[in-house]
Amino acid sequence: MSLTDKDKAAVKALWAKISKSADAIGADALSRMLSVYPQTKTYFSHWPDLSPGSAPVKAHGKKVMGGVALAVSKIDDLTNGLLELSERHAFQMRVDPANFKILSHCILVVVATMFPKDFTPEAHVALDKFLSAAALALSERYR
Amino acid sequence: MVEWTDFERATIQDIFGKMDYEVVGPAALSRCLVVYPWTQRYFGGFGNLYNAAAIASNPMVAAHGKVVLRGLDRAVRNMDDIKGTYAELSVLHSEKLHVDPDNFKLLADCLTIVVAAQLGKDFTGDVQAAFQKFLAVVVSSLGRQYH
């Protein structure tokens with residue numbers, strides 16, 4: 001299910017519309033993930049405050065969306081573009097890759113709530129494919 | 001038996017109480033056919049599903065979307081025994097329709113997105129959790145009678 005030229009164009013078009021809200025999207029998606037999928041909290045036991053909209057959650061949401069922005073810029077070669085991030089997730093953070101799907105879903109939900117008119121079925125399929133491809137690239141160095 | 005908190009019950013009744021099934025059903029099903037195109041395998045007799053525009057304007061898809069949402073309404077009205085309420089529907093999906101139960105989750109995710117788009121910021125994390133828990137019970141019940 002690799003990204004076609006049409007998918008890449010759709011992702012870039014959607015990103016152009018949503019990227020100025022990237023920080024808010026990241027914070028909301030991460031907050032949602034922590035409350036809708038409580039098992040994900042296990043990765044953040046070192047944070048003083050895991051409540052939605054808390055400072056660590058906001059800061060981390062921003063960081064995550066920075067990664068998404070990087071992936072958009074490297075959309076033609078996600079594996080190499082995200083290699084360093086993959087190493088960090090694999091060897092330092094050791095995040096079970098099943099969680100990438102969970103966070104991707106939360107990002108899709110947030111984009112739907114914030115940009116209902118732009119998040120057409122065509123935009124949805126392109127973004128879903130893109131986030132799956134990015135997740136795959138992030139899993140590259142795991143084993 | 002599934003335990004529902006007062007918040008979860010109220011949230012589900014509220015969302016579905018205010019929902020226009022005639023709009024949301026078609027929107028969710030057509031989105032599913034676009035986002036997960038392999039689901040089209042179950043709709044061979046529905047005519048033109050060639051692209052997103054065709055799917056969105058296909059009258060058979062729209063009609064079926066409404067059927068699905070009305071089916072979902074039965075779970076909304078019987079939250080304390082969704083498994084029992086859906087036993088026959090589960091047999092139908094397995095024995096007659098031969099639907100791979102993995103597809104139920106795909107449609108559920110599309111329904112979540114459609115509802116999220118409608119409710120906007122009212123679709124908070126807690127509301128999402130309640131909605132997804134409800135759909136997970138529905139999905140599980142629909143898959144229950146497969147063998």
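Biologist: Which element gives the most to the lining of the largest pocket?

Modeller: This is a predicted model: local features need pLDDT of at least 70 and side-chain atom pairs 80 or more, totals for chains, interfaces and linings use all residues, and side-chain values use heavy atoms, without hydrogens or water. Residues are numbered from 1 along each chain as written, with chains lettered from A and ligands numbered from 1 in written order. A pocket is an open set of points on a 1 Å grid over the protein atoms alone, with protein on both sides within 12 Å along at least five of seven lines, and lining residues have an atom within 4 Å of a point. With 10 residues, the top contributor is α7(A).

Biologist: Which elements of chain B each supply at least two residues of that pocket's lining?

Modeller: From chain A come α4 (78-81), α6 (98-114) and α7 (121-138). Chain B joins them with α7 (102-119) and α8 (125-143).

Biologist: Which chain B residue is among those nearest the centre of the largest pocket?

Modeller: The lining has 45 residues. Nearest the centre, Lys101(A), Ser104(A), Asp128(A) and Ser132(A) are joined by Tyr36(B).

Biologist: How many residues of that lining are nonpolar?

Modeller: Nine of the lining residues are polar and nine are charged. The nonpolar residues number 27.

Biologist: What volume does the largest cavity have?

Modeller: In a cavity, a 1.4 Å probe fits but cannot get out. Here Trp15(A), Ile18(A), Met65(A), Val68(A), Ile107(A), Val111(A), Leu127(A) and Leu131(A) line the largest cavity, with no polar and no charged residues. Its volume is about 30 Å³.

How values were computed
Helices (H or I, at least four residues) and strands (E, at least two) are DSSP runs, numbered from the N terminus. Ala, Val, Leu, Ile, Met, Phe, Trp, Tyr, Cys and Pro count as nonpolar, Asp, Glu, Lys and Arg as charged, and the others, Gly among them, as polar. Grid points are joined across faces, edges and corners, and a volume is the space filled by probe spheres set on the points.
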